[in-house]
Structures are given as C-alpha cells and as structure tokens.
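Hi everyone, thanks for coming.

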Amino acid sequence: MNAPDKILQQHVDQSISSVETTPAISQWPDVKELYGRFDALVNQPMRSIKRGAMAKVLEHFESRCQGSKRLAEDAKRVIPGGVQHNLAFNYPFPLAMKEAQGAHLTDVDGNRYIDFLQAGGPTLLGSNPASVRAKVNEVLDECGPVTGLLHEYEVKLADLICQSMPGVDMVRLLGSGTEAVMGAVRLARAYTDRKWVIKIGGAYHGWSDQLVYGMRLPSTGRMEAVGIPRGATAYTQECLPNDLGALRRKLQLNRLRGGTAAVMVEPLGPESGTRPVHPDYNRQVRALCDEFGALLIFDEVVTGFRLGPGGAQAYFDVKPDITVMGKCLAGGYPMAGAIGGRKEVMMMLVGGIGTTSKRAFVGGTLSANPLSCVAGYYALLEAQRLDAAGKAGRAGDRLQRGLAEIVERRGLPYVVYNMGSIVHLQTSGVLLLDTSNLYKLWRVKAEAKERKHMMEEMGAAYSAHGLITLAGSRIYTSLADTDEVIDDALNRFDEVFKLV
Ligand SMILES: Cc1ncc(COP(=O)(O)O)c(C=O)c1O
C-alpha cells in the first residue's frame, strides 16, 4: 500500500469505529392497515391512465426517444426479447442510457431522468461516485481486474462485512446473488445433512433450479419453472407470508421425513417487502428454526447495507445462521454475491486445491476479483462514513409522505409505503392479488395480465415524465437524493397522477 493510501486507510479504520449512523427505517409500516389497503386496491376496478393521455405518453417516446428506439430494434436482432435483465423495463421499448451521475441518468437522446431504479438496488451512494471510481482505477492500473490469487482487498472487504453484519463471522465471495443463494442452500444441506428447504411464497431468491418456485406470487409453486426438472425442486417448499402456523406444520411434516435443512426469508417480506412481514415475524421464524434444528437463511441481497451496515438482521435484532448478500456489496460494480455466516457453518465452504475436509463445493473463476473487492470495500466504507443508508432512508420517507399526500388529494386507491430507501408504490396491485390457493390463482390469471399491463403503462408514464422506477412499482432512493431531487420527483409524479 502506498503512503497516501495508508493514511486514508487509517482514517477510514478510525472513522468506522467512530461513525454514527442513523436508522435507515424510521418506522415500520402498520402491516395490518397495509394489508387492508392492498385488499381494497385489488378488489376494485383498476385506476389506469386515461386513454387519450396514454396516447400522448406513447407519442413522447416516438418523438423524444428515437435513439433508444433504434438501439432497441437492433438489440432485438441479437438479444432474446431485446433486453438482458428480467426486470429491464421494455414498454413501449427499452430506454438506452448514456450517462449516470449521482441521482440522475441521461439517455442516448439527451433526456434526463431521476434515477429511482439504481440498477436494481446496488448504488446506495448514487451513481458512479468519484471516490470509489478513483480507488477502482488505482487497482486496475496496478493489477487489472483479476489475478486468480489472493488480493489485499479481498480480505479487507470480508473483514468489513464481518465487522458490520451481526450474524457474519466469515465470508465467501461469489459472483451474484443467485450464485450465493445456490451456495447457501448447498451449505445448509451439507451442514445439517438434511434436504428440505422452505421459502416464503412470492419471494425472489434469484434464478437457481431450486428456487424458481413460488416466485413473485405466493402459492404459484413451479409455475415459472420452465426448463427445470421436477427433481430440482422436489425438496423446495413454500409457505404463505406471515403464516407461522403453516411454517410450523411444514417443519413438523419434514421432521418425519429427514428434516428441514433451512428456512430462507427475505427479512422485509417477499419481493423486498412487497408483502411486508409483521415486525416480530423474523424473530418467530428464528425460534421455529431453533426448535426444529433448521438453519435460518436471511437473503439480504437487497437489504444488506441498504438498511445500514448491519442490514435487516441488525434492524430486527435477529441473527441468521447464514446470510446471503449481493447488490450493494460491490457498490454497483460487477460480481456482487457472498455467503456469510457463523464460523462453524462457514467452515464447510473451505476453498483451495489441497482441501480434504468434507465441504460444500462452491467457487468461480472471477469470484473475489480485486476489481469487485476494492469497489465493494470503498463503497461500503463511504456508505458508513456518510451515513448513506440513513440519509437515503430519510429521502425515502420524504418521497413516501409526498406521494401519499398526492394519492390522497387525488382520491386514488394507490398504496404507498416505505422501509427506508425502499419505497413501494402500488398502483395496479398486480403482485398483491390473492393467489393463496389454486382456485384463487386460476381465478385471477386474466386479471393479473391486465394489471401487469397497467403497471407497464404507469412505468412508461413515469419515464415520460423523467422518472425511472423499478418496473413501475418500486423506487430505490440513494444518498444522492437531496430534498430538491425528491421535491422535483414529487412534482413529476403529480403530473402523472393527473392523467388518471
Ligand atoms: C432478494 C434477492 N435475492 C437474490 C437475488 C438475485 O441476485 P442476482 O440478481 O445478483 O443474481 C435478488 C435479485 O434481485 C434479490 O432481490
């Protein structure tokens, strides 16, 4: 390490211990009241944008986004569907971005947007922070992105995560959240010598064979498991969100047939809190896991670091046995995935060629490369030093309050709530439809299609008004979202809601 870097390092180490962070979540939503409002939203006709106004929104894309349109047409020739990410917004066509700085994005046609997508969550500091980029460039100049051998930042990042996350003594870095989930399931099975894995219906844990099960909507089981043999999901089960009785029954049943290896939860509730958990839910799941000897896995791919250095486990004061991380872990740089956990459990992931102990095999050529590690290390340090999660949380609160006021003033049935910097704006309610049993699922199938289209229209209308959201129903705020940015956004949302 050169001298200036050493000084920065010392400063940073001191600042971690002395830094005061504020809670990212100022108040847990009133879950009972929220579920009542979800029911009201999906039990009434949709409140979509008026047809004339929607035609104007689409006209905007034709007149102002020709560069994106051309690129999107080219993309369709060589990329299936023209988009690479499952959540990439493509109505009426995907917008192609050129610049990303702080709170804003600029597309190839020069249109500027407030960025509430944040690449799907990882850029808590805002886009492209110079302080992190400078450190990444230093490492790139020195050794390029990868050597395949141990690098100092690999250790520093792991150390920082262990200091920050209460349930993490050791860390294994991998390539993505999906990889880390796969590894976590294998680890839990290897450690417990059991097979069953219980997830919560509607939760998204990436696209591994075992966990494309009950995805996005509860009780949908293998509905999306196209190309996945039945055997791959044969030991995966789902429970309805917040249903502790059902979880206990599954654990009891599994006890008679080999036992449950793990219960995996998104700690805010499925789909980043789209269906929020009761405040004591995670603690009760922990108790059930202890009673039945199952490991508790927290999927903190979204919540890790976005809810503060200690993630959701610090917020709920519940220690999982295994934590899955991703997204913010590498500050938006590529290769963001990690498994963390209790030392005793983690020791079953020992790496290296010479290892002879019984282990769960995970790995990857580019895992823990210096580029991702230096990016993650400085992104997490900066986030702690600047209290990014707390400040992004306050931005989320301000946005939620403003949106709730607009919705109320305009007499709309939309539901807005937030957990810090994760803001849910439910207008079509497609993810809130009652699919709690097969009959209900069959009944809402056609309606789900219509409601999904409404969500696409809302997303397009937001974009036409300079707001990029996650699939038209979720918003991530960041440190870069000052009061001015949020107030500007609120005026834009008001213009959109005027069209309903
Ligand atoms: C809770 C959760 N787990 C896992 C994943 C998968 O992570 P990745 O997209 O990095 O594979 C995601 C991605 O959105 C997620 O939200």
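Let me start with a term: two strands pair if DSSP finds at least two bridges between them. Helices (H or I, at least four residues) and strands (E, at least two) are DSSP runs here, numbered from the N terminus. With that, look at E1 and strand E2, residues 104-107: they pair in the antiparallel sense over four bridges. Ala100 stands opposite Leu105 in E2.

Before going on, a word on what you're looking at. This is a predicted model, in which local features need pLDDT of at least 70 and side-chain atom pairs count only at pLDDT 80 or more, while totals for chains, interfaces and linings use all residues. Residues are numbered from 1 along each chain as its sequence is written.

And pLDDT is the predictor's confidence in each residue, from 0 to 100. The protein chain averages 94, and 95% of the residues score at least 70. Over residues 1-9, though, the pLDDT is below 50, and beyond near neighbours in sequence this stretch has two contacts in the model. By contact I mean that the C-beta atoms of two residues, placed from the backbone, lie within 7 Å. Where pLDDT is low, the predicted coordinates should not be read in detail.

Now the domains, with bounds from an automatic or database domain assignment. Domain 1 covers 21-125 + 387-497, and domain 2 covers 130-385. Their centres, taken over C-alpha atoms, are 26 Å apart. How many residues does each side bring to the contact? Domain 1 gives 28 residues and domain 2 gives 31. On the domain 1 side, helix H2 (31-42), helix H14 (388-409) and strand E12 (422-426) are the elements giving two or more residues. That side has 18 nonpolar, nine polar and one charged residues. For these classes, Ala, Val, Leu, Ile, Met, Phe, Trp, Tyr, Cys and Pro count as nonpolar, Asp, Glu, Lys and Arg as charged, and the others, Gly among them, as polar.

Next, the sheets. E1 and E2 belong to an open sheet of four strands, ordered E1-E2-E3-E13, with mixed pairing. Its edge strands, each pairing on one side only, are E1 (97-101) and E13 (467-468).

Another open sheet has three strands in the order E11-E12-E14, with antiparallel pairing. Strand E11 (415-419) and strand E14 (474-476) are the edges here. Neighbouring strands are turned by 15 degrees against each other on average, direction ignored. Angles come from axes, which are lines fitted to C-alpha atoms, for helices over the stretch in contact, and they run from 0 to 180 degrees between N-to-C directions. Three bridges join E12 to E14, and Val423 stands opposite Ile475 in E14. H2 packs on this sheet, touching E11 and E12, at about 145 degrees to the direction of E11. H14 packs on the sheet too, touching E11, E12 and E14, with its direction at about 170 degrees to that of E11.
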